[in-house]
Amino acid sequence: QAHARVIVLSGHPADPAAVETKNRLLARLLLHLSLAPPPPPPTPTTTTHLRYSLCLYRSIEPPSVFASNNVIRCLARGGLPLESVSVYASMLRRRRPRVRPNEHTFTFVLQACGKGAGLLEGRQVHAHAVKLCFCGDLYVRNALIHLYCACSAMGAAERLFDELPGCRDVVTWNSMVAGFARGGQIDVAKQLFDEMPKRDVISWTALISGYVQNGQLERGLECFMDMRECGLMPNEAILVTVLSASAQLGLLEHGRFVHSVINSLNLPITVSLGTALVDMYAKCGSIELSRLVFNEMLRKNIWSWNAMICGLASHGLGKEALALFEGFLSEGLQPASVTFVGVLNACSRSGLVREGRQYYKLMTEKYGIEPEMEHYGCMVDLLARAGHIYEAIDLIENMNVSADPVLWATLLGACKVHGLVELGEKIGSKLVNLDPSYEGHYVQLSNIYAKASKWADVIRVRRLMSERNANKVAGWSLIEAQGRVHKFVAGDRQHELSSEIYRMLEIIEARITEAGYSPDVSSVLHDIGEEEKENAIKVHSERLAIAFGLLVAKDGDCIRIVKNLRVCADCHEVTK
């Protein structure tokens with residue numbers, strides 16, 4: 001409407017003064033378009049919005065540097081960074097009248113290069129900035145450093161950072177911290193963070209996100225606590241990140257603390273925050289709180305529904321997960337690949353074979369979603385649990401991608417459960433050749449042979465495992481208690497209450513033995529005596545964590561243990 005008004009009131013196109021006024025007004029209109037929040041890409045609305053900006057720019061003749069800067073900024077923010085670079089190139093090619101870039105031009109076009117990972121184009125723009133003497137400008141230098149960090153060219157970013165120590169601000173430092181953290185050099189990022197003369201919430205966001213992205217989840221949570229002690233108000237990105245870390249570690253109390261921070265600051269529960277809370281509570285074993293947050297969310301997107309469906313599925317609430325999926329469809333939402341992972345997982349966990357087949361067919365035929373490894377994994381698990389082993393084998397052999405060893409391992413476990421010794425031998429032999437470095441496959445194959453009393457083959461598998469130096473992933477268990485996270489590994493004696501923990505283990509063993517417990521040492525694949533095997537299995541990490549929990553928990557408290565590996569059969573029986 002404003003554009004139409006400008007055209008109507010701009011006077012005769014032959015009048016130079018009228019043309020100049022119109023161009024100036026259209027350039028201001030471009031400024032407003034560049035500052036307006038663009039629709040989320042990629043949608044037809046976004047494209048229309050950006051194409052309109054480009055058409056508006058092309059109607060300005062001759063275009064000023066102000067108009068050019070605004071359209072470059074608009075296209076870069078709207079998700080068309082290469083179009084921004086094209087506008088910049090057309091500026092340079094123009095001869096009459098010549099449009100000379102200024103410092104704002106370089107800031108915007110370098111941002112566009114960074115968003116489009118255009119390192120080659122960015123280097124050319126850098127050369128232009130050097131030729132036109134704009135490299136001493138703080139904002140241009142920040143844009144250059146951000147570009148090189150975004151493109152993982154940390155050597156170039158570091159040279160720029162060190163070149164002019166006096167030409168830095170908090171944005172410069174933040175870019176470097178984020179760049180090193182994103183590139184996996186988290187220790188370098190922390191060193192830079194410690195050297196910063198001044199920090200803001202973005203500095204903390206970069207470091208916390210870096211820890212979590214690099215798998216140092218506990219360090220990320222510690223860093224969040226440090227930030228709170230500094231009195232800084234966390235932003236949404238930090239809160240979502242620490243909720244994700246709490247979910248991955250299964251630390252409910254940490255997650256609850258973050259939720260309390262959100263409430264104490266009166267922050268609105270956005271779609272991102274709500275989804276993170278739903279996911280955290282579900283993964284930390286509190287499905288009721290997960291449902292409560294989901295039901296109270298004013299706005300939900302597909303990822304909110306996915307988190308709730310997957311959460312219900314992982315808690316064995318298959319029918320509830322499927323009912324929620326039907327509600328999702330009735331809302332007119334389009335399921336994504338991960339939605340069906342949750343749905344098929346729900347069928348698998350609850351033994352709903354007929355429903356699993358129906359939803360798999362719905363996914364591929366109605367919604368045209370190509371099955372991925374996760375979908376195949378759910379279907380193989382569903383069929384194998386129900387005893388349909390040969391149907392599962394047929395599914396694996398007709399997959400459109402190479403089968404993951406996990407699929408064959410799932411079948412191997414099912415062969416043991418259903419007593420299919422010969423098929424188990426065949427699959428187990430295939431598996432140890434497919435993935436020779438993982439110890440668990442040798443354990444499963446050995447158990448198959450042991451069940452069939454083929455002791456020579458048990459010895460052969462043990463020897464093969466030793467020759468191939470099969471790796472064992474170190475198991476650990478976590479428990480939250482007394483305001484701290486306590487971590488145990490098998491045979492751990494490092495804990496301050498170690499003596500009390502081992503005395504509690506003796507009490508537990510005495511009581512469960514009276515109740516009829518007999519050790520199952522089949523998971524111990526070492527050439528040692530039965531008594532030694534029993535002693536080895538007694539001190540698995542989850543048993544130590546449970547013993548500690550019984551020592552410190554109050555009557556009626558829930559003892560939550562988080563493990564990084566699947567519980568062995570004996571520890572499962574002991575826990576029951």
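A: Start with the rule for an aromatic pair. Rings of Phe, Tyr and Trp (its six-membered ring) pair if their centres lie within 6.5 Å. Planes under 30 degrees apart count as stacked, over 60 as edge-to-face, and the rest as tilted. The model here is predicted. By this rule it holds twelve aromatic pairs.

Trp305 has another partner, Phe328. Here the centres are 5.8 Å apart and the planes lie at 65°, so this pair is edge-to-face too. Phe328 belongs to helix H19 (residues 318–330), 23 residues from Trp305 in helix H18. Phe328 is buried, as is Trp305.

Now widen the view. Phe294, Trp305 and Phe328 belong to one aromatic cluster, together with Phe325, Phe340, Tyr359 and Tyr367.

Next, the nonpolar cores. In soluble globular proteins, nonpolar side chains tend to be buried together. The largest nonpolar core in this model has 142 residues. Met176 and Leu411 have the most contacts inside it. Leu411 touches Val380, Ala384, Ile389, Ala392, Ile393, Ile396 and Ile427, leaving aside residues up to four places away in sequence. A second, separate core has 16 residues, including Ile501, Met504, Leu544 and Ala545.

Helix H13 covers residues 217–229. At 1.5 Å a residue, its 13 residues should span 18 Å; the end C-alpha atoms are 19 Å apart, which agrees. Its buried residues are Leu217, Gly220, Leu221, Cys223, Phe224 and Met227. They cover an arc of only 155° around the axis, which puts them on the same side of H13. An α-helix has 3.6 residues a turn, so residues three or four places apart point the same way. What covers the buried residues of H13 includes helix H12 (201–213), helix H14 (236–249) and helix H15 (252–264). After H13 comes Gly231, with a positive phi near 80°.

Last, the domains. The domain assignment gives domain 1 (235–294), domain 2 (300–390), domain 3 (410–467) and domain 4 (476–575). Taken over C-alpha atoms, the centres of domain 1 and domain 3 are 41 Å apart.

How values were computed. Residues numbered from 1 in each chain as written. Predicted model: local features only at pLDDT ≥ 70, side-chain atom pairs only at ≥ 80, totals over all residues. Heavy atoms only, no water. Helix = DSSP H or I, 4+ residues; strand = E, 2+ residues; numbered from the N terminus. Expected span 1.5 Å × (residues − 1). Buried < 20%, exposed > 50% of the residue type's maximum accessible area, 1.4 Å probe, protein only. Arc of directions from axis to C-beta. Contact = heavy atoms within 4.5 Å. Core = buried A, V, L, I, M, F, W, Y, C linked by side-chain atoms within 4.5 Å. Domains from an automatic or database assignment.
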